[in-house]
Amino acid sequence: MLAQNRIWIGLAALFAGALVPFSFAPFNLLILSYIGIAVFAWLILLPQNRKSLFINALLFGFGLFAVGVSWVYVSIHDYGEAMPALAVLMTFAFVLFLAAIFATPWLLLSFLPNKPIAQILCFAALWLLGEWLRGWFLTGFPWLYLGQGHLNSTLSGWMPILGSLGIGFVQAAICATLALSIQYRAKPICIRIAAAIALFIFIASPLLNRIDWTAPMQPVEVTLVQPNISLIDKWNAELRDANLQRLLDLSEGHWNTDILVWPEAALPLTHLGNDQLLSEISEYLGPETSLLTGRLVYDSISRRFYNNVIGLGNGSGEYSKRRLVPFGEYVPLENQLRGLINFFDLPMSMISSGDSVQDQLKAGQLSIAIALCYEIAYGHQVAIDSRTANLLTTVSNDTWFGDSIGPHQHFQLAQVRAKETGKPVLRGTNDGISGLIDQRGRVIIQTDQFVATSVTAEVTPYSGKTPFSYWGQTPMTILAMFTLLIFAGLDWQKRRQFSGEV
């Protein structure tokens, strides 16, 4: 009977985890994440040994990532040319690895008190700690943060203060309160107090949404160019001139716009210090036009490749990507893995990271903070970079993920960064979704996927910074750690006293 209960609990945890990704784009069914997290809180807070804690958390995490990052299969199978069975196996291994990272912090529950108020706060703290850990371990995978689904929710007013990581803490606490309220039938006074605090947070959010944390500047006209070049054609040296011509053709009629954006690696390969191609492109630009374009650049001195964005015309400066994607832009255990399958030899898998501190690009008098592709997922990094910026720009090539949920999640992350920082985001991609996002995370204009097009709209730059831009994720992370230490210390002291009495 006990074994049967464990099976049902495990299946419930797996199903609860699978519900959470439906709160993100393109589904945006936020209620499902509340249900999933509340069920998980109910299950994980039941009395159980450490083995059961880890297994149940692992199953929840597996459901979460199996649904939420299913788009990894497209990259491995469609573009890495792995056989379906091998692609499934590699995707399974990746999901299991992420689930193990998610599950590990929950082992700490065995060292924490089982009183309702402690359970609520420690559940929220462990949730935040798990997301934070995933954001930096092995360069980080800050994807599917719970707060990402709250862009338009009743908690969205807190995003410029707490960031998406902090919003996840709040939702986790609310879900734990809900689960324990049902379990204890809301009898303990601490549960009623927690419910009252949650109500206050919900009521305060619309009032916070009225605050203008940053100040508007003179509007500028921005054009995004989406060339929709297939990956096979993009890395074909014989089609280099044709691909460049498509970018030029799509930019026709927009050479006098204030800011023109070409996507990630729009220029497939240029040599550092070789300005001939860049000079030829600059000749098309009007005197007041700034072109921000992605490029793959080779430094012949260091013999390294960089994923880079450069400003041309009235624009200036360049930026090299700092946060690289494991197996996408560099290959761990390179000597052992290269050559096994085509996935480990993808054209973009030999990139070196740029310097940790780099100057921002300029578009006339405007400061531009760059988040190159995957970097837009790093809320803390973008917050720091946004402090002195007037606009955020992210360029990407989501072609790797095909017609999956990946590009929609990626676009939503750009919206979240705009809401957190109070700065508009210019997002240019190869095949969509490209778009212009205002300082509150609202879409000004966006493209359809898989079409070659250009879109133009007016965008208002902003100066100043939100509270989250000022302090980033550090306070919430310290709060979570401090909460766990306090309750662990209290529980240890209580057990010691009890042991002494016995």
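Q: At roughly what angle do the axes of helix α2 and helix α7 cross?
A: This is a predicted model, and in it the axes of α2 (residues 30–44) and α7 (residues 159–184) cross at roughly 60°. They come within 8 Å.

Q: And what do we call that arrangement of α2 and α7?
A: Angles of 65 to 115 degrees would count as roughly perpendicular, so α2 and α7 are oblique to each other. The crossing of α2 past α7 is right-handed.

Q: Nice. Switching to the sheet: in which order do the seven strands come?
A: The order is β7-β10-β11-β12-β13-β14-β15, in an open sheet with mixed pairing.

Q: Which strands stand at the edges?
A: β7 (315–316) and β15 (443–446). Each has a single partner strand, so one side of each is left without a neighbour in the sheet.

Q: How do β12 and β13 run, parallel or antiparallel?
A: Parallel: five bridges join β12 (residues 391–396) to β13 (residues 425–429). As one example to look up, leucine 392 has valine 425 in β13 as its bridge partner.

Q: What about β14 and β15?
A: β14 (residues 435–437) pairs with β15 in the antiparallel sense, over three bridges. Isoleucine 437 stands opposite valine 443 in β15. The two strands form a hairpin with five residues between them, and glycine 441 in the turn has a positive phi of about 85°.

Q: Speaking of backbone, where are the cis peptide bonds you'd point me to?
A: One joins alanine 25 and proline 26, with omega about 5°. Proline 26 sits in the loop between α1 (2–19) and α2. Another runs from glycine 432 to isoleucine 433, with omega near 10°, and isoleucine 433 belongs to the loop between β13 and β14.

Q: Which residue other than glycine has a positive phi?
A: Leucine 144 is one, with phi near 60°. You'll find leucine 144 in the loop between α6 (116–134) and α7. For context, most residues other than glycine have a negative phi, and most peptide bonds are trans.

Q: Last topic: how many cavities of 30 Å³ or more are there?
A: Four cavities. The largest cavity holds about 130 Å³ of space. It is lined by 13 residues, and the closest to its centre are Ile211, Trp213, Gly422, Gln439 and Arg440.

Q: How does that lining of the largest cavity divide into nonpolar, polar and charged?
A: Five of the lining residues are nonpolar, five are polar and three are charged.

Note on methods:
Residues are numbered from 1 along each chain as its sequence is written. This is a predicted model: local features need pLDDT of at least 70, side-chain atom pairs count only at pLDDT 80 or more; totals for chains, interfaces and linings use all residues. Side-chain values use heavy atoms; hydrogens and water are left out. On a 1 Å grid over the protein atoms alone, a cavity is a set of points where a 1.4 Å probe fits but cannot get out, and a pocket is an open set with protein on both sides within 12 Å along at least five of seven lines; lining residues have an atom within 4 Å of a point. Grid points are joined across faces, edges and corners, and a volume is the space filled by probe spheres set on the points. Ala, Val, Leu, Ile, Met, Phe, Trp, Tyr, Cys and Pro count as nonpolar, Asp, Glu, Lys and Arg as charged, and the others, Gly among them, as polar. Two strands pair if DSSP finds at least two bridges between them. Helices (H or I, at least four residues) and strands (E, at least two) are DSSP runs, numbered from the N terminus. Axes are lines fitted to C-alpha atoms, for helices over the stretch in contact, and angles run from 0 to 180 degrees between N-to-C directions. Angles under 35 degrees count as roughly parallel, over 145 as roughly antiparallel, 65 to 115 as roughly perpendicular and the rest as oblique. A crossing is left-handed if the near helix is turned anticlockwise from the far one by less than a right angle, and right-handed if clockwise.
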